[in-house]
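I opened this structure to look up a few contacts and write them down. My notes follow.

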Amino acid sequence: MKLRFTVASSTGVLRETNEDMALLVGEYYRDVADELPPVTQAPESRFCAVVADGMGGYDGGEIASEMALRSLDAFVVALPDNTMITDVIMKIKTQWLADVTAEMAASAVADRRLVSMGTTLTGFIFIDGRVLLVNAGDSRVYRLRDGFLKQLTVDHSLRQLTGDMSQPSNVIYNAIGLSESFIDVADVTSRIAQGDRYVICSDGLGDMLDEDEIAAISSSPTTASEIVAAACRAGGEDNVTVVTVDVDCE
């Protein structure tokens, strides 16, 4: 499987700081735009393509998003060889989540200004020839296939939970770092198809553009920086981070 990525992360038009961060093939991106060369996924390949959108007072959002991404990357790389994918999923949901929650709690004890920090986290983990879709919060993964856009993740927001569209879209009930948090993890290897494009994004994209607009601007060969620029032109009211993943299975 050959994969091509682009990544961009922007403060947006109105915010002064960027609490978003992207993790892509072992590198961390904030306030940057980049395009990576194609990555061929060998059976032993292990890497993440994940976006995190931090929250919290002081600079807690920036700290939380980076802490979660660095913790996840280290956890995935350190998993024993030949770990069954069902065990990988369970370890992410339990062991990793407990570890990163404890790390954030310890940081909040050391600095009370960080007591409310947390982060969304969504995207893909590529591990030992398998592809896992992970999600906590309201950042999103979209799939663009044959011109049709589909949201693959479920927003952990009160609007989604209750169906009440009067609820603010950014009020979420789940995030990494909360004491009762959880993370959705699914093996989606068999659902990946030749020609797919995936758009991993923070809510700064979906809050500015509707799905028809996202589908139009995300059509290949548009880059992540062009998608981010479109969100900024539409108002850029929040930080916006995008990772694109193009799939070539030949």
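**Entry 1: an arginine side chain**

I started with Arg46 and found a polar atom of its side chain 2.5 Å from the backbone oxygen of Leu79. The model is a predicted one, and I read the distances with that in mind.

I checked where Arg46 sits: it is part of strand E6, which covers residues 46-55. Is Arg46 buried or exposed? Its relative accessibility is 17%, and buried means under 20%, so Arg46 counts as buried.

I listed what Arg46 touches, leaving out residues up to four places away in sequence. The list includes Val76, Val77, Ala78, Leu79, Pro80, Asp81 and Asn82. Phe126, Ile127 and Asp128 are also on it.

**Entry 2: two helices**

Next I looked up helix H1, residues 60-78, and helix H2, residues 85-110. They pack with their axes 10 Å apart, at an angle of about 140°. How do I class that angle? Over 145 degrees would count as roughly antiparallel, so H1 and H2 are oblique to each other. The crossing of H1 past H2 is right-handed.

I noted which residues meet. From H1 they are Ala64, Met67, Ala68, Ser71, Leu72 and Phe75. From H2 they are Lys91, Ile92, Gln95, Trp96, Val100, Glu103, Met104 and Ser107. I sorted the residues of this contact by type and got 9 nonpolar, 3 polar and 2 charged.

Key. Residues numbered from 1 in each chain as written. Predicted model: local features only at pLDDT ≥ 70, side-chain atom pairs only at ≥ 80, totals over all residues. Heavy atoms only, no water. Axes fitted to C-alpha atoms, helices over the stretch in contact; angles between N-to-C directions. Helix = DSSP H or I, 4+ residues; strand = E, 2+ residues; numbered from the N terminus. Parallel < 35°, antiparallel > 145°, perpendicular 65-115°, else oblique. Left-handed = near helix turned anticlockwise from the far one by under 90°. Contact = heavy atoms within 4.5 Å. Nonpolar A, V, L, I, M, F, W, Y, C, P; charged D, E, K, R; others polar. Buried < 20%, exposed > 50% of the residue type's maximum accessible area, 1.4 Å probe, protein only. Polar contact = N/O pair within 3.5 Å; in protein donor to acceptor, adjacent residues only side chain to side chain.
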